[in-house]
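Dear colleague,

The findings follow directly after it.

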Amino acid sequence: MQRIGVFVCWCGSNIAGTVDVHAVAEALKNEPGVVFSTDYQYMCSEAGQKIIKDAVAEHRLTGVVVCSCSPRMHEATFRKTAQAAGLNPYMVEIANIREQCSWIHKDMPEGTEKAIILGKAAIAKVNLNVPLQAGESPVTKRALVIGGGIAGIQTALDIADAGFEVDIVEKEPTIGGKMAQLDKTFPTLDCAACILTPKMVDAAQHEKITIYSYSEVEEVKGFVGNFDVKIKKKARYVKPELCTGCGLCTEKCPQKKVPNQFNLGMDNRRAIYIPFAQAVPKIATIDADYCTMLKTGKCGVCSKVCTAKAIDYTQKDEYVQEKYGAIVVATGFNPIKPDKFGEYSYNKSKDVVTSLEYERLMNAAGPTAGTLLRPSDGKHPHTIVFVQCVGSRDTRSCGKEYCSKICCMYTAKHAMLTREKYPDTEVYVFYIDVRTPGKGFDEFYRRAVEKYGVHYIKGMVGKVTPQGDQLLVQASDLIAGEQMTINADMVVLATAIEPDKSARPLATMLTASMDTNDFFTEAHPKLRPVESPTAGVFLSGVCQGPKDIPETVAQAGAAAGKVIGLLCKDKLLGNPCVASSDEMLCNGCSSCEKVCPYGAITYSDKEFRIAGKTVVRRVASVNPAVCQGCGACTVACPSGAMDLKGFSNRQIMSEVDAICK
């Protein structure tokens, strides 16, 4: 029997407000194995930890139960405290009487009763706990950044500047992401390309950074410090080591009616192309869906005009296998498609555009060379209506419930730039609220109203109807309390943003958590905002939630700092709570091997002496360095041979028995 000490935390009034902590401590004093029980206002404080250390020494404790907040918050804290007092850190159990009890109960007797039950369950488990020793594993001094937008670039640069090797994997032919498509950035109205291009060049020229553009992550195995990643380099049909980026092939290609994705399909490009002038790497790419040579075997113009002999129509996808100590997810975002919002007539009129499309129309490198022209007839628009929150804060199935955070500011930017460049244009903005939380943001919005005369109207647009060469905008003015109609030349929709479509399958590969909107979930929203719950996986940029460029760059630096801290270590302590196989019970069915997401389980033939005879049986074995203690194998094993150290079936059932008494 263990000698257990119980320590009940008040957590200020968080727990003590709805749980009688004194009564809990008194009740648990009588449980089997308990030799000491007390309560204190803040058990995680230095004074609270001293109480635990003193009790371990005075009462010769062999186990500790702390009734406090979630183990996600302070399990590591109390394990270190126990270790400092001479106890094995895995002889500590946390009874979560805050999130699982006090926060969800209003009635104190009811909350107190439940807290006692949770404490009893933890005590029952500690009575069966055994000391565990963490193993060590080496750290691969190399990082992988998935996504080559501004978040990925900044993260990679910061890690590389610290002296570590970094690989950037970007699915597009060039790095740069969405920021490369922008004209100006708020609130300073800097040229986006002027800010981004030096960063792209720095990344390309950095001796510690390797860029895998036009590539995708195919497979991820392993664990923190030792990830094995398979990268697919898609066939460009152009040899990157020979291509000089001269652009001659892109000028001579006869197939010139390919929708230009960089300009969101508002103009055309050739079948062989370089996405934009500042592309990094500046290497041509052949679009296999449109190339006449690849489809029919007839053409070959680009090969004939290429003086560098870089064209290779026989090129195949290549695969690269690399090892990494840490992985950073920076997969970015996409604006949602407004097709399902029929009230705005996006599919009916070319003059109803999204904000990103409007951004390209205003850009000197865009489809109209920076001259604002109506897509339908090429005429200059004189009345433009901006519609805020299209798909954001929308509970309908076609929308997103969250605020996309950047829409208010980029709409103010568009309105301001339009009025500055075309003073004869009337600009209306319909909004629910104007949200300007960043530094200098509110002043920027007020400048649009006060200096540039943008008409901000609090209200929603109900319908946009094409009428001849005009758009009839029907809306409500909530402040004036009236309905209004505007004859507009263009309507610009501030569409919600959503995670890139690659995020969900990538999360599956990384065994990382996601929320219902497909944003990656951080380990803790306040204390660990750039870490994934999966050890060794970090988050950078909009993959974790909507944010603007300054916030994205700040988070990229934070993620890089965490990666550097990890890669600085030569060895990592592993999790001793790993699976183990009872070879005498194992029937060799492979059920556990099939469900293991980390590839930690293998099978081999072993000899056993049974009833005086030598028998060869196929049995499972677990690699403790690879196992992450998820417990999937223990559930799948039909013979009960698989068990999890620290969470054995016997321990779990003892907790159930304690709860049901």
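Setting aside residues up to four places away in sequence, Ser355 touches Tyr410, His414, Val492, Leu493 and Ala494. Please note that the model is a predicted one. Ser355 belongs to helix α11, which covers residues 355-362. With a relative accessible area of 3%, Ser355 falls under the 20% limit and is therefore buried.

The largest nonpolar core has 59 residues, of which Ile159, Val238, Ile272 and Ile286 touch the most other members. At least two residues of this core come from each of β6 (142-146), α6 (150-161), β7 (165-170), α7 (192-205), β18 (326-329) and α15 (549-567). The greatest contribution is that of α6, which gives seven residues. In soluble globular proteins, nonpolar side chains tend to be buried together.

When its neighbours within four places in sequence are left aside, Val238 is in contact with Cys243, Ile272, Ile283, Ala284, Thr285, Ile286, Ala310, Ile311, Asp312 and Gln315.

Phe647, Ile652, Met653 and Val656 make up a nonpolar surface patch of about 320 Å². Of these residues, Val656 is located in helix α18, residues 649-660. The relative accessible area of Val656 is 35%, which lies between the limits of 20% and 50%, so Val656 counts as partly exposed.

Yours sincerely

Notes. Residues numbered from 1 in each chain as written. Predicted model: local features only at pLDDT ≥ 70, side-chain atom pairs only at ≥ 80, totals over all residues. Heavy atoms only, no water. Core = buried A, V, L, I, M, F, W, Y, C linked by side-chain atoms within 4.5 Å. Buried < 20%, exposed > 50% of the residue type's maximum accessible area, 1.4 Å probe, protein only. Helix = DSSP H or I, 4+ residues; strand = E, 2+ residues; numbered from the N terminus. Contact = heavy atoms within 4.5 Å. Patch = residues over 30% accessible without salt bridge, like charges linked within 9 Å, V, L, I, M, F, W, Y side chains within 5 Å. Areas by Shrake-Rupley, 256 points an atom, 1.4 Å probe, with all protein chains shown as cover. Salt bridge = Lys/Arg side-chain N within 4 Å of Asp/Glu carboxyl O.
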